[in-house]
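Please examine the sequence and the structure below before reading on. The paragraphs that follow are intended to be read with both in view.

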Amino acid sequence: MQDKRTFLRIQILRFIAAAVVVAYHAQITTISYFGGDDPYPVLELGVYGVDLFFVISGFIIVFIGSSRETTASVFVKRRVERIVPMYWIMTAATFALTHIPGLARNEISGPGHLLQSLFFMSWVNGPETYPVLNVGWTLEYEVLFYAVAAASMALTKRAWATAAFVMLALVLSGRGTSFFLQNPIMIEFVSG
């Protein structure tokens, strides 16, 4: 019974994190397209929703990987089933919309950028490159965490300690040579 109450609380926190991120993006998008005053300071706190979401994700993935999805193949299969289809649909729709004359406000993505986005690799083009579906940058970090976790599950008995070590080593190793792989935001998964 305690686990159910604990997970209900975590799901409530997850909802709060998602809601503040949505409110923040809605505000920024509205100002971007329709103009207006400075953002409301309370909604500016939405940027921290991603941080909370990453910590929660770290906790949930370790719990699931330790109790229900004990093999790397099952772990990967379930992550792919939950994330990839909807992300691909939304990315393809966004890509198509950006090719309607007069609708796109920013530069139009090409096929290479679409492929990188679909496979969570848009970051290889540098710090100012976002996926076709802009908010997908968070999924690029999630997928990296999942890949490290799955590899750790497949290669060692101490999967979660290994995954934590790898994530921390990536952040510390490059002395800023890769904005993505050395981003301290990855420590949030380990914190969970």
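The model shown here is predicted. The protein chain contains eight helices and zero strands, and its elements, read along the sequence, follow the pattern α-α-α-α-α-α-α-α. Of its 192 residues, 34% are buried. The accessible surface of the chain amounts to about 11900 Å², and carbon and sulfur atoms account for 67% of that area. When contacts between residues at least 6 apart in sequence are considered, 55% of them join residues at least 24 apart.

The packing of the helices may now be taken pair by pair. Two packed helices are described by the angle between their axes and the distance between the axes. For helix H4, residues 72–98, and helix H6, residues 137–155, the angle is about 165° and the axes lie 9 Å apart. An angle over 145 degrees counts as roughly antiparallel, and H4 and H6 are therefore described as roughly antiparallel to each other. The crossing in which H4 passes H6 is left-handed. On the H4 side, the contact involves Ala 72, Phe 75, Val 76, Arg 79, Ile 83 and Tyr 87; on the H6 side, it involves Leu 139, Tyr 146, Ala 149, Ala 150, Met 153 and Ala 154. By class, this contact of H4 with H6 comprises 11 nonpolar residues, no polar residues and one charged residue.

The crossing of H4 and H5 is right-handed, whereas that of H4 and H6 is left-handed. H4 contributes Tyr 87, Trp 88, Thr 91 and Phe 95 to its contact with H5, and H5 contributes Pro 111, Leu 114, Ser 117 and Leu 118. The residues of this contact of H4 with H5 divide into six nonpolar, two polar and no charged.

H6 in turn meets helix H7, residues 159–173; the axes of H6 and H7 come within 8 Å and cross at roughly 135°. That angle makes H6 oblique to H7. The crossing of H6 and H7 is right-handed. Phe 145, Val 148, Ala 149, Ser 152 and Met 153 form the H6 side of the contact, while Ala 159, Trp 160, Thr 162, Ala 163, Val 166 and Met 167 form the H7 side. By class, the contact of H6 with H7 has nine nonpolar, two polar and no charged residues.

Several individual residues complete the picture. Between H5 and H6 runs a loop that holds Phe 120. The phi angle of Phe 120 is near 60°, a positive value in a residue other than glycine. Is Phe 120 buried or exposed? Buried means under 20% relative accessible area, and Phe 120, at 8% relative accessibility, therefore counts as buried.

Helix H3, residues 47–67, contains Val 55, and Phe 53 is also placed in H3. Val 55 counts as partly exposed because its relative accessibility is 29%; Phe 53, at 29% relative accessibility, likewise counts as partly exposed. Which residues does Val 55 contact, leaving aside its neighbours within four places in sequence? They are Glu 188, Ser 191 and Gly 192. The C-alpha atoms of Val 55 and Ser 191 are separated by 5.9 Å, although the two residues are 136 residues apart along the chain. For Phe 53, with neighbours within four places in sequence again left aside, the contacts are Arg 14, Ala 17 and Glu 142.

Ile 16 lies in helix H1, residues 2–34. Its relative accessible area is 41%, and Ile 16 is therefore partly exposed. The C-alpha atoms of Ile 16 and Gly 46, which are 30 residues apart along the chain, are separated by 9.7 Å.

Terms used
Residues numbered from 1 in each chain as written. Predicted model: local features only at pLDDT ≥ 70, side-chain atom pairs only at ≥ 80, totals over all residues. Heavy atoms only, no water. Helix = DSSP H or I, 4+ residues; strand = E, 2+ residues; numbered from the N terminus. Buried < 20%, exposed > 50% of the residue type's maximum accessible area, 1.4 Å probe, protein only. Contact = heavy atoms within 4.5 Å. Areas by Shrake-Rupley, 256 points an atom, 1.4 Å probe, with all protein chains shown as cover. Axes fitted to C-alpha atoms, helices over the stretch in contact; angles between N-to-C directions. Parallel < 35°, antiparallel > 145°, perpendicular 65-115°, else oblique. Left-handed = near helix turned anticlockwise from the far one by under 90°. Nonpolar A, V, L, I, M, F, W, Y, C, P; charged D, E, K, R; others polar.
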